[in-house]
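Please keep the sequence and the coordinates at hand while reading.

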Amino acid sequence: MTSIATTHGYPRQGRRRELKRAIERYWKGGTDAAALLDTAATLRRQRLERLRDAGLGEVPVGDFSLYDHVLDTAWMVGAIPPRHAEAVPDTTTDAGRLDRYFAMARGDDRVQPLEMTKWFDTNYHYLVPELSAGTEFALDPTKIIDELAEAAELGVAARPVLVGPVTFLLLAKAAEDPDFAPISLLDKLIPVYAELLGRLAEAGAEWVQLDEPVLVTDLDPADLERFREAYATLAAVPNRPKIIIGSYFDRLGDAAPVVVSAPVEGLAVDLVGPGSASLDDLAGQPGLAGKRLIAGVVDGRNVWRTDLAAALGKLGTLLGLVDRLDVSSSSSLLHVPIDVTDEPDLDPTVAGWLAFADQKLEELAILARALNQGRDAVAGELTVNATRLASRATSPIVRDQAVRERLATVTDDQLRRRSAYPVRAEAQHDQLKLPAFPTTTIGSFPQTTTLRQARADLRAKKIDNTAYDQAMRDEIAEVIKLQTELGVDVLVHGEPERNDMVQYFADQLVGFLSTRNGWVQSYGTRCVRPPIIVGDVSRPRPMTVDWASYAQGLTDRPVKGMLTGPVTMLAWSFVRDDQPLGDTARQVALALRDEVADLESAGIRVIQVDEPALRETLPLRRADRPGYLDWAVAAFQLSTAGVTDATQIHTHMCYAEFGDIVDAIVAMDADVISLEAARSRMEVVGELSEAGYPREVGPGVWDIHSPRVPPVEEMIEALRLAGQTLPAERLWANPDCGLKTRGYAEVEESLRHLVAAARQVRTELSPVG
């Protein structure tokens, strides 16, 4: 048996975010469809060559996307919502097809986009397919067939990797009837996948991987039975490629016997993190011996070097249990940056601890060579690897005894506010004197070219800190003036000084490091550079107080202090894998507690600690959730509970399903929570109401991830909907999320509409206000 190295996917954006720039030029009319598609083709070719040259024996195709792979799947199976088909009826040209595709992704002045939410427990956002009982599927395999042909032209052995039918339907939502279950369409969808298999065989595919990551969630027996029947049908397709069922992000658990017994030729399984338990799930399963197993032993989601000796131990356990054993990352490498060697600012020792996508490819090639030729063939590489791991384990960068001693002194009293919410609410209302349906924004305002240039000039030492600070103060003054003129009730300073809501704080906290080119796709053309937590975390000095104090000095209206919460700091960073996540979260929480105290001392009476990642980090298995929620909620409480009753604590969450964490949201004990709600028509407000949520809520009435400006009437309708389920005196009006990705023209108009809508509904539902 010869083993090969492979992976599930590779970053899409290009080494310098070439795809992002090409798409955004196209949106602005600066280039045409042909030029955009040429750029995409060039990037795909470069990816194929990179994967081939790294020593992969088989490369994935189909994972590249202009926006999102789930959206691509919806397009492939013809799941186009009627409103998008009507808005863009002509798709006979490249421009027409792109127009409809991007209308589904981000909407425009004609039509609202698909809902967007987090891909399992990652920070990647996918577009949620909309399906109804009347949905009719129809295959369009053009994209995957073309990409398979591109690989063939380069002489690269390729494996199509596509979202499987069960995952596609279980991730979809009902377009109209909330009681409709998209999984009921499986019998209509399977023939489309069967047709796809035939087309892929005709195009020369030997293997096809159908990813079913829902297998690592708690599926009920009916869904597992649907899965079994679906793959029995697909396996019976004549003259098809060999099928691999892929899963990742957690262990297979109860799904293991169903997956192993499926009459397909291969499995791809995550064997790191929680997924490492899949080794036990697979052991002894009848039917495993005859299959190809793609073993995910290199972490596809974090940036630390793999312990190659330990990975070889896992692989050795599997040798002899399967017909063919290949080596892979645990998931697509979409979730990590491209290349550590693009980081000249990193300490070389620390850089040696890290493996981005390209370094992970190297690790995969080493492991495959060891399987084929024995450990002696890679003895030098194993020695270097062991030396790097030992260097990290013993480095003084990793441990700070003062931080650990302070953490050991934390008591339960420090996790509780001084008074119950009704007492606090009265004190806050007396202090802030806000009307009913107070208006605010989530925090950030547009990051203009001028602001980005100022940051670039500071890095390049073209301007000094004094000039940079003045540029930021000038922008803050304009933001405060604009909000005041528009009539916003609780203001923000706009965060012009912040490059990113996590990196800004990471740059000022001991224990974090940032990258220069470590970009990772978050959604569409939005890329972020997640910091890396290398050691114990502390705050050497205040991080936001000067900016917030300056803004508050410009107005009599309350200005929110803006912080990123401890769970989000972890979720949107690459975390340490050498201690429990809860320990790292509490270290960050103590640093934020100090910042909250300093903001309050400076006269800031509204402080927002954002936790948009609380839901996305929720373990996929229900059994693992209570432990996570215990430390996640405690970390937020530790950050915020030290303030007086009159200081109003806000938090913000977005783009996730919140129904199953409502109890945790209540336990966080924030005075006000703002949530994404525009794309889901206030669904989350109903969930909070049903759970008896006792405090104030700001449901988002403006989808800021779309360029469209919602009319006043649309916002009024959203607020009325919210007012049907929660008392008017406990509702705020705000956008879904921060405004940094929008332009000032649309922001000003949308905020004007927001204020007008709040005033109208304030009159209707709360005449006294």
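Is Arg576 buried or exposed? Arg576 is buried, with a relative accessible area of 3%; here buried means under 20% relative accessible area, exposed means over 50%, and partly exposed lies in between, with a 1.4 Å probe and protein chains only. The model is a predicted one, in which local features need pLDDT of at least 70 and side-chain atom pairs count only at pLDDT 80 or more, whereas totals for chains, interfaces and linings use all residues. Residues are numbered from 1 along each chain as its sequence is written, and side-chain values use heavy atoms, with hydrogens and water left out.

Side chains of opposite charge can pair when their charged atoms come close. A salt bridge is taken as a side-chain nitrogen of Lys or Arg within 4 Å of a carboxyl oxygen of Asp or Glu, and by this rule the count comes to 55 salt bridges. One of them joins Arg576 to Asp536, with 2.7 Å from N to O. Arg576 lies in the loop between helix H22 (566–571) and H23, while Asp536 belongs to strand S15, so this pair links distant parts of the chain, 40 residues apart; helices (H or I, at least four residues) and strands (E, at least two) are DSSP runs, numbered from the N terminus.

Asp536 also meets the side chain of Arg404 in a salt bridge, again with 2.7 Å from N to O. This second pair connects helix H16 (residues 401–408), which holds Arg404, with strand S15 (residues 532–538), which holds Asp536, across 132 residues of sequence. The accessibilities of the two residues fall in separate classes: Asp536 counts as buried at 2%, and Arg404 as partly exposed at 22%.

A further salt bridge is formed by Glu115 and Lys173, whose closest N and O atoms are 2.7 Å apart. Glu115 is in the loop between helix H5 (94–106) and strand S2 (116–118), and Lys173 is in strand S6 (residues 173–174), so the pair ties together parts that are 58 residues apart in sequence. Glu115 is buried, its relative accessible area being 6%.

Helix H2 (residues 33–53) contains Arg50, which is partly exposed with a relative accessible area of 23%. Leaving aside neighbours within four places in sequence, Arg50 is in contact (heavy atoms within 4.5 Å) with Tyr10, Asp358 and Leu361. The C-alpha atoms of Arg50 and Val161 are separated by 18 Å, and these residues are 111 apart along the chain.

Helix H3 (residues 69–76) is mostly covered, eight of its eight residues being buried. The buried residues include His69, Asp72 and Trp75. Among the elements that cover them are H5, strand S3 (125–127), helix H6 (142–153), strand S5 (158–163), H7 and helix H8 (186–202). Within helix H7 (residues 165–171) sits Thr167, which is buried with a relative accessible area of 0%. Not counting residues up to four places away in sequence, Thr167 touches Phe120, Asp211, Glu212, Pro213 and Val214.

Two packed helices are described by the angle between their axes and the distance between the axes. The axes are lines fitted to C-alpha atoms, for helices over the stretch in contact, and angles run from 0 to 180 degrees between N-to-C directions. Helix H23 (residues 581–601) packs against helix H24 (residues 625–640) at an angle of about 20 degrees, with the axes 7 Å apart. That makes H23 roughly parallel to H24, since angles under 35 degrees count as roughly parallel, over 145 as roughly antiparallel, 65 to 115 as roughly perpendicular and the rest as oblique. On the H23 side the contact includes Leu581, Ala585 and Arg593, and on the H24 side it includes Trp631 and Leu638. By class, nine residues of this contact are nonpolar, three polar and two charged; Ala, Val, Leu, Ile, Met, Phe, Trp, Tyr, Cys and Pro count as nonpolar, Asp, Glu, Lys and Arg as charged, and the others, Gly among them, as polar.

The axes of helix H19 (residues 465–486) and helix H21 (residues 545–552) come within 10 Å and cross at roughly 45 degrees. That makes H19 oblique to H21. Asp469, Met472, Arg473, Ile476, Ala477 and Ile480 in H19 meet Trp547, Tyr550 and Ala551 in H21. These residues divide into seven nonpolar, no polar and two charged.
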